[in-house]
Amino acid sequence: MVLIGIGATTTRCTSVIEELNVLFRGKILVVARGVFVIQAFPVGGTIPENTLQEIKQQIQGVKNATPLVFFLNFETSENLLLPSNVTIGIPPDSWQVLTGNTPLKTGCWPKNETAEEIVVGLSLAEQYGLNVGSNVSIKSRTMKVVGILDSRVSILSRAIIMPLKTAQKIYKFEGLVSMIVVEPEGTVTSNELSKRIEEEIGGIKALTEEERTDIIQPLLNELERWNFGITAALLFLTMCLVATITFMNISERRREFAILDAIGAPKITALRMVAVETVTIGLLGSLIGLILGVVAALVIVSKYTSIPMQLFMPNLTDLLPLSFIVETVGLTVAVSCLGGIITALIANRKLTTEILRGEH
Amino acid sequence: MKIKTVDLTRIFHVGSNSVVAVNKVNLEIKEASFVSIVGPSGSGKTTLLNLLGLNDKPTSGRIFFNGKDVSEINDKERRKMRLFHIGFVFQNFNLLPTLTSLENVELPLMLAGKSSEEQRETALHLLELVGLSHRKDHLPNKLSMGEMQRVAIARALANNPKVVIADEPTGELDSATGREIIELLYKLCSERKVTVIVATHDEKITRVSDVIYKMRDGVISV
């Protein structure tokens, strides 16, 4: 169960990281040099806000440049491993740079760059019962919810989006931004533009989508390897357990096979009986195991993120893909059946007369 | 069914030792007779019954059922013989614990390919014959020893066998219940013309027997 929990959590992390890549597709991210970028977002590090003007004025081939601030928020009351939500500050006229075509479920975007208004992601809104008009306290400031973003993408569904100036003010980030999203003009490639930016402006790095993928790929590969290892270990343990139970069951029932043999039942009768039973045991066992595993995983993930379990339900297929269910159930049933039949064949080798006499 | 054995021998090999459990036994059992085999524990009675019941293969010698040599028939044919022509009653009943009385009796009928109606009808009739129709839905662990043995006899009779072999059928029973079982076996023999072969220490059984064989150290004498 713990293994399933860990496996599911790493699966979840992988899927969240992979989801991040859908943001800022085809754009260049300008971040502080030395900052580690997980797909679309830098972890820590800042650049001066006036870098934006330098990019716009000095660099040829820039169609658009948008500054963003990005803060991971951990619940202060609990010791959590993962952030429970993120705050993103972005200029009011640039919402689409972040959200693309994702619509607002209800409400509207904050009206101006200093408005103390926010748009929250669907998951956060559901968790805290937020609606348009609700008030939320952030860093001791009361912010008004003016919109709910209708997105199931992990990062956006847990996001608090507000005007850049407001975010800079309440997080004491004046004059600084986390990154600048640069959109190249049609006449220039991302690689060329990224090179120009890095040559012209010091202390920053400009990452194309390919470069961002290259940075994160080893981590994703590592997570995949962990997942594979955990899944394999899990399957092996399941097989051992089921085979042991089947073996015990068959050994206990050796006398029943002997009785069947004594009354003239064909050899196939006992094997058929074992096959039906082991398939049933394997099927039920693996399904119950999977359900318990998912519950365990959700409890663990929920505990370390403070996100209520029910909010993971819409993304349950990420946690437990159909292919994983089929593999687990299929392998468990096959091993259970095979283990049972092999054991039954071994049990059948002993002379019926010896087994029945052994009861005297 | 007439049963005849010629120099029937069964030797068990335990490590480097050989134990002659049945030693050149020659028997002739008439059709519809009630035969007892008596002898002390370890004399080879059970081994002989297992050989006669085709549960075991002889090391040497022959067994004839109605003149046909069955000592060399293959495993499939032996199973068929056990299913259709021989009923076996064990000292410790050997009922399937997860099946009810009725289902235990139905089992050989099912294995014989009878329809479910026929299985039900025959099994009910046999339970009635052994006086247990009121206990048909009970699992073995809810039955008394005598009741379990009666269910075992009903099961042995399911496919209307020509011979019933009983290995100490009263060994686990009190004397009153044992008497009921003996009467039942005797009734089978006399009314249904079934050959009954019983291994026993019980004098009550030997009293109703047509023939009594004595066995000692694997050797038989009348």
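1. B:Asn66 is exposed, with 12 other C-beta atoms within 10 Å. B:Asn66 sits in the loop between β4 and β5 of chain B. Helices (H or I, at least four residues) and strands (E, at least two) are DSSP runs, numbered from the N terminus.

2. This is a predicted model: local features need pLDDT of at least 70, side-chain atom pairs count only at pLDDT 80 or more, and totals for chains, interfaces and linings use all residues. Residues are numbered from 1 along each chain as its sequence is written, while chains are lettered from A and ligands numbered from 1 in the order in which they are written.

3. Strand β4 (residues 60-65) of chain B is joined to β5(B) by 2 bridges. B:Phe64 has B:Asp69 of β5(B) as its bridge partner.

4. Strand β6 (residues 86-89) of chain B is worth a look. B:Ile86 and B:Phe88 point one way, B:Gly87 and B:Val89 the other, and all are buried. In a regular strand the side chains alternate between the two faces of the sheet. β6(B) runs parallel to strand β7 (residues 163-167) of chain B, joined by 4 bridges. B:Ile86 stands opposite B:Val163 in β7(B).

5. Next, a helix pair. The axes of helix α5 (residues 145-156) and helix α6 (residues 175-192) of chain B come within 10 Å and cross at roughly 15 degrees. (Axes are lines fitted to C-alpha atoms, for helices over the stretch in contact; angles run from 0 to 180 degrees between N-to-C directions.) α5(B) and α6(B) are therefore roughly parallel to each other, a label for angles under 35 degrees. B:Met145, B:Gly146, B:Gln149, B:Arg150 and B:Ile153 in α5(B) meet B:Thr177, B:Glu180, B:Ile181 and B:Leu184 in α6(B). Contact means C-beta atoms, placed from the backbone, within 7 Å.

6. Now the interface. In chain B, 17 residues are in contact with 14 residues of chain A. α1, α2 (75-84) and α3 (101-111) of chain B each supply at least two residues of the side that touches chain A. α2(B) gives the most to that side, with 4 residues.

7. Chain A has its own points to check. In helix α9 (residues 254-262) of chain A, 7 of the 9 residues are buried, so the helix is largely enclosed by the rest of the structure. A:Phe257, A:Ile259 and A:Leu260 are among them. A:Gly264 follows α9(A) and has a positive phi, near 95 degrees. A:Ser140 has a positive phi of about 65 degrees although it is not a glycine. A:Ser140 lies in the loop between β9 (135-138) and β10 (141-149) of chain A. A:Ser140 is exposed, with 6 other C-beta atoms within 10 Å.

Technical notes. Pairing = 2+ DSSP bridges. Buried ≥ 20, exposed ≤ 12 C-beta atoms within 10 Å, placed from the backbone. Contact = placed C-beta atoms within 7 Å. Parallel < 35°, antiparallel > 145°, perpendicular 65-115°, else oblique.
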